[in-house]
Amino acid sequence: MESLVLPACAAIAALRQAGMAKFTSHMAQALAEARAAAGRGEVPVGAVILSPQGRVVAAAGNRTRELSDPTAHAEILALRAACAKAGTERLPGHVLWVTLEPCPMCAAAIAAARIATLFYGADDPRMGGVAHGARVFDHPQCHHRPQIYDGIGAQAAQRLLRDFFAARR
Ligand code: ZN
């Protein structure tokens, strides 16, 4: 398994400085979920949710084909699992790691769930809804905007997607 090199980005440095000495990236686990999704013939996107205590409470990859469900994106499945486990529809203080910029549907669900922090890997200019397109969290209708950090593990996430779609052509 390839090692995941964290970019020495300002976000991580800031988190470390803010006292999150125990900060660890969970992008490697999200990428493992994305790889597993590719193995199932699904678009390789993976997501992991951490509790406020830093425990992994849900991990999922895309299952839209398997479930015949256009809403079965990695983030939605992880949010559903984490909420079911917590017995609540909101996840304040939780952290979501996802390999690709969330689409508008997932961004809306992330806001509804009150996720505290969102880490995503690769940009998605075509389908993304955070830094592109609908820019859900910047919309006046959005009631909750998580802290957002992008670019972590972006190259690995991008490579997975590229290889997946190249193999399909
Ligand atoms: Zn989505």
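1. Gly54 sits in the loop between S1 and S2. Helices (H or I, at least four residues) and strands (E, at least two) are DSSP runs, numbered from the N terminus. Gly54 has 12 C-beta neighbours inside 10 Å, so it counts as exposed. The cut-offs: a residue is buried if 20 or more other C-beta atoms lie within 10 Å of its own, exposed if 12 or fewer, and partly exposed in between, with C-beta atoms placed from the backbone. In the hairpin of S1 and S2, which has 5 residues between the strands, Gly54 takes a positive phi near 90°. Thr24 is 30 residues away along the chain, yet the C-alpha atoms of Gly54 and Thr24 are separated by 9.2 Å.

2. A word on the basis. This is a predicted model: local features need pLDDT of at least 70, side-chain atom pairs count only at pLDDT 80 or more, and totals for chains, interfaces and linings use all residues. Residues are numbered from 1 along each chain as its sequence is written.

3. Next, strand S1. Of the 5 residues of S1 (residues 46–50), 5 are buried, so the strand is largely enclosed by the rest of the structure. Both faces are covered: Gly46, Val48 and Leu50 lie on one side, Ala47 and Ile49 on the other.

4. S1 has two pairings to check. Strands pair if DSSP finds at least two bridges between them. S1 and S2 (residues 56–61) are antiparallel over 5 bridges. Leu50 stands opposite Val56 in S2. S1 and S3 (residues 95–100) are also antiparallel, over 4 bridges. Here Val48 stands opposite Trp97 in S3.

5. The sheet as a whole is open, with 5 strands in the order S2-S1-S3-S4-S5 and mixed pairing. S2 and S5 (147–150) stand at the edges, each with a single partner strand, so one side of each is left without a neighbour in the sheet. The twist averages 15° from one strand to the next. S3 and S4 (residues 117–122) run parallel, joined by 5 bridges. Val95 stands opposite Thr117 in S4.

6. Two helices lie on the sheet. H3 touches S1, S2 and S3, and its direction makes about 150° with that of S2. H2 (residues 27–39) lies across S1, S2, S3 and S4, running at about 140° to S1. Axes are lines fitted to C-alpha atoms, for helices over the stretch in contact, and angles run from 0 to 180 degrees between N-to-C directions.

7. How do H3 and H4 pack? H3 (residues 74–86) and H4 (residues 104–112) meet at an angle of about 25°, with their axes 9 Å apart. That makes H3 roughly parallel to H4 (angles under 35 degrees count as roughly parallel, over 145 as roughly antiparallel, 65 to 115 as roughly perpendicular and the rest as oblique). Glu75, Ile76 and Leu79 in H3 meet Cys106, Ala109 and Ile110 in H4. Contact requires C-beta atoms, placed from the backbone, within 7 Å. The contact residues divide into 5 nonpolar, no polar and 1 charged (Ala, Val, Leu, Ile, Met, Phe, Trp, Tyr, Cys and Pro count as nonpolar, Asp, Glu, Lys and Arg as charged, and the others, Gly among them, as polar).

8. Last, Glu75 in helix H3. Is it buried or exposed? With 29 C-beta neighbours inside 10 Å, Glu75 counts as buried. Not counting residues up to four places away in sequence, Glu75 touches Ala47, Leu96, Val98, Pro102, Cys106, Ala109 and Ile110. Glu75 and Val48 are 27 residues apart in sequence and 7.9 Å apart in space, C-alpha to C-alpha.
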